[in-house]
Each structure stands twice: as structure tokens, then as C-alpha cells.
Amino acid sequence: MIGRAARCLLMVTAAALVLAGGVVGSAAGASRFAAARTAAGPSAEVLELGGVSLARDGTGAVAWLQRELTQPHVFAARLRRGDPTGAVRVDSGQLGASSDVRVATADHGKTVVTWINGGTLYGAVETTAGAGFGAPVAICSCGPVSDPSLDISRFGTAYVTFTAPGGGGDDVRAAMLEGTTWTLISTAVDFDAARDAFGARVAASSDGTGIAAWTERDAGGVTHVYERRLLHDQLSEVPRQASLPSLDNRSGGNADSPSLGVTDESSFAWVAFRQDFSDGAAVRSRVLARRLRGSAFDHTFRLDGLQFPTTAGARSPAIALSGRGYGVAVAAKEPSNGVTAAALVKPDRKVDPAFQRPVTISSGNSTPPIVAASAAESARGLAIWQKTFGGGASVKARPFDGERFTKAATLSPPELGPSVAELGLDAEGDDADDHVIAFVQGDPGARRIQVVAYAGELDIRGIVTRRLWYRTRRPHLRWDHVPSAPWGPVTYRVEVDGKPVGRTRHTELTPKVDLREGLHSIHVVAIDARKSETRGDDVDLGTDTRRPRGSVHSKGHGLYRVWASDGSRGSGVFTARLEFDGGEFAYITVPSSGRLRGVHVHTGSGLGHPRLVLRDRAGNRAVIG
């Protein structure tokens, strides 16, 4: 039985899952961003975004805090091809205030939500899409806990890190989820359990292991960033320090704000962080990224693009990494309040992905920007930030197309009020080139949880053909299927000379109308279930059903004059030979033009009556004489 309050909530959330009414900008690339859809609100009861998650197979979820009967509680909505649907309350049965909600989704829709209630860390699991969340389970009553971070592998093993009181101050703790069972790792993750550790972030690899990065204060009060591997219910033997003692002969100081990602081959990970360095009489804040290979850091990248000496600084790193090692990293500049971004790309097959030179993707913000990043398995990604101007704010994104960052698109509909990224901004990509971006928007009395889907390019190439010319006006066309389309099914539209000739969900098609004779430009357009289109490569293909024409005239004494052509729209003469009654024959060399213009052939006399045998490039055969 559903009580009155629950019925009202269902009415509100069902009404909330509608098109927000805004449109994205008209800049290049923006057409792949859908209009924002509202998962909750508009309402003063909407409090903050917990996060958004998109699995490799395109399933996903968004989670947030929303007030019910005066207390903040946890809600989540499934993502169907990037759009929120079916909002439910997750912290069922809990009367006190919930906070610090996090969400992560694996393939086949397994979704994990964690949150804090009464100082205890809880979790709930939906095992498959549509199965419904199980009852809340206490992960750690070692509280009061704070600042959780959650991630899940594509196969469903999840890790959560959090801060909890320890013997000598705060500790970083971790727990693992397998199936629906949480296991608390008994040992603190810290480098030194006698010192304060906090601000941990976690990433899970496809092999079921994880990695944590956190901030820890030494005996002198200086903070450092460390990492440690999470090996199911155990920890790696020794934490490694990511922050540096010095950079370019400038001594290093406080470091914090770790962000990290790990590849499918869990030996490789990147940790980004902020760190102070002495630069003459000044202290400059820098944003660095370091690659972890096995148990050691082997590369350091200056994500902020700065060089000492400098009057500028940077903070707020965000890095997203795909399972294949591609990624996007973003940082905020100071005092300019600009945004810089860099992409991890693979120049060739023989080298590992490496960062391109950082570029400034936004400037002129009136306040320090809030940033996020998203990476997909396609080697493409998104750099996202909140643009502030005067008293307004909007969420912007610039896609990385595999080579460069394209023009910015505005994701938050301006007619629905300013974006409020301070209350949440998150994004994630899937196995193809799709992404979801979630953020808070609206004035305090009309807050919304907004979700924007980015339907990226599908991996579609061109018509597969072994020859250029076909002896039919309705050639049977074939192409390779799109290898990964999480937001499918995919429909294919075939276009000849820019005009559609048919649609199918198969990877072959015979036009229902005759093509004109001659050479054509043909391509396939792949269309996902969101109606987002990707055009394949143009392929030249000719239709030629007519026989070549020609003539042969004897000049006497075994000398013949030959003329041959396949017409202006034909494929061109491919082979030509003279045949005689006695079985003798003589081949004639055909020039690349495919025409013979009064060619003289000497065969010797007394061979009998000649016949000219022609074959064009489409295979049409003609016998003349």
C-alpha cells in the first residue's frame, strides 16, 4: 500500500522526468547534445546532485538529494539512452537526514548507490536494470564518516572510500562490493595511520581491483597526495606518494584535491592533483598529472600548461580515463578564472597514450570555474565547466573529437535560471562515444536535477566493395556493422549522390529503384535510437548495363583499324581482341581512358574473317563483326 506522502512524491517525480524545454548552442558539434531533461524538480525540495554514471553498455543512473517530510533523502533515476526515467527513493525506511550520495553503474544495469545517514555509510544495490534497489545495508558504522567516493568496474565489482575517525586523527578507509555483499577492508588505507588522511577518490578497473588516491598531513603539517591499490579485500603493500618534493628546482609544498582514473589493464593509472611550489618570493598553485605504471610513477604532466617563473596558478583538477587509456583532463586557472584542458591520445600503435599540449578552452569567468571531464572508449571525450558572468551561470562543454577540442555548447537552458554547479556537476562516457552530463539548475525555489545526453559518432565506415563497376542498376550493397552502439538499435540509411535510396537495420541493401548509368558516390548513414546520425565514408561505385561499342575495318595485308568505346557514362573498355575463323586471335592494348580511337593492328594476312571482342570494366561483353 502506498501512503499519501509516497503517492505525492511519485506524482512529483513522474512529472519531473520531462523535457526541460531548452536547447543547446548552435556551435559546431553542439547538435549531438540533446536538450536537457529534468530528473527532479523544479522544486525547493531538490537539494544537490549526488552524481551520474554511464556504464560501458550505455545503461546508467543519476542520483540526488531531495527533501521529503522535512528531511533530505536519496533518490535515483534510471537512464534510458541517456534520458532519466522512473525516479525512486533509495534510502527507504530511514527517518533521519541523508547526505553525500554517490552512484555507479556497471554493464547490464547493476547500479550501486552509497550515502551517509546518522554518521553511518550505507549502500543499496540494484542487481540489473529494472530489478529495483534492495534495502539499505550498513557498510561501516565507524563514524561519523564523511566524504565518500564510489566507483564500479564494468563487471560489477565496486569500491567505496571514505574518511572515518582513527587512532591518530582521521583515516581513509575502503570497502569492496562483490555481488550484493560489502566487505570492509580492515586496515586503513593511509600511509601513516597516526596522521590525518582525508579527501580520498577511488577508481575501479575491469579486472576487479581498484586504486585510491588521498590527501595526508605529515608531522610538520604539510599535506601530500598518496595512492594505493585496492586488491579486493586487501591493500597493496606500500602506498606511493604522487605529490613531488620539487618541480623545476622549485620546492614543493601542500598538495591536495586528487582525481584519478585507471585503465582496463590495471597496471596503468593517472593521478591528477593540485600542489604548491615556491617560485621566488611567491607560492604558486599548480595542477599536475602523474602516470602510475605498476608500482611506480613514470611520467609527470603539467596539466595547467604553466612554466616557472609564473604569476599564474591552477587548481581543481578533474581527469577521466577510458579503459583503453584515452582520456580528458581539466583544470581551473587563477587568477584569470580560465579553464585549461588536455587530452590523452595515442599517436600510433607502438606507443602508449600521451597528453597533448594543454589548451585554454574558456576565459573571462567572473568566479573560479567548477570543472568536470568525461572519457569514452572511442578516444573522444568532453571537457565541462560552469561559465559565470555577472550574476548568471551556465554549464558549458567542449567535445574532444580525437584530435582537438571543438566549439563550446551551452547545456543549461537559459530560460530555466542559472546553473548551480556548486551543488553538483558530473559526467561519464560509455563504450562508444556517448556521454551524460548532470548538474543542478534553477533558483532556490525551483531547483532541478538536469541530465544532458551527448550521442556521439558511431564507428561506421563505407560500403564494402571489391570492384568499382557493377553490371546492374540495382547493385547489392553491403557494409560492416557498427561494432558498438550502446544507444541502439542502429538504423542504416543508404544515400546515392546525396539522395536516400533505402533504410534498413541490416548491413546490406538493394535499392528499390534503378540507379542511372554511370559512376556514383555512395555512403551509409548510421542512426542510433536517439536519431543521432553519423555519416560513413564516401565510396565510388558505378553501374553499367550496356555493352561496349566498336568497329573493325580491314586495310588489307593483315592490317586492321579498330575503334571501341563504352560511352560517356560507361565503365570503359577493359579488354579487346581480334578473333579469326581459324581460332587465331590477337590482344589489343587498351589505354587507361578505356577507349580505342582508330588503333591499327597488324596480324598478318590469310587469317580469315575478324571479329572484335570487347569487355568493359563492369563485365559487359560485345562481339562485333
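K531 sits in the loop between strand 41 (518-527) and strand 42 (533-535), strands here being DSSP E runs of at least two residues, numbered from the N terminus. The model is predicted, so to speak of local features takes a pLDDT of at least 70, side-chain atom pairs count only at pLDDT 80 or more, and totals for chains, interfaces and linings use all residues. Residues are numbered from 1 along each chain as its sequence is written, and side-chain values use heavy atoms, with hydrogens and water left out.

Back to K531: its phi is near 70°, a positive value in a residue other than glycine. K531 is exposed, at a relative accessible area of 65% (exposed is over 50%, buried under 20%, partly exposed in between; 1.4 Å probe, protein chains only). R81 also has a positive phi, about 50°, without being a glycine. R81 belongs to the loop between strand 4 (71-80) and strand 5 (83-89), and counts as partly exposed because its relative accessibility is 26%.

Then there are the cis peptide bonds. One joins G143 and P144, with omega about 5°; P144 lies in the loop between strand 9 (137-140) and strand 10 (146-152). Another runs from G488 to P489, with omega near 5°, and P489 is in the loop between strand 37 (477-478) and strand 38 (491-496).

Four strands make an open, antiparallel sheet in the order 1-35-34-33, where pairing takes at least two DSSP bridges between two strands. Strand 1 (37-43) and strand 33 (425-429) are the edges, each pairing on one side only. Strand 33 pairs with strand 34 (residues 435-441) in the antiparallel sense over five bridges, and D426 stands opposite A438 in strand 34.

V601, in strand 48 (residues 596-602), is buried, with 10% relative accessibility. Leaving out residues up to four places away in sequence, V601 touches G558, L559, Y560, V562, L578 and I588 (contact: heavy atoms within 4.5 Å). V601 and I588 are 13 residues apart in sequence, and their C-alpha atoms are 7.6 Å apart.
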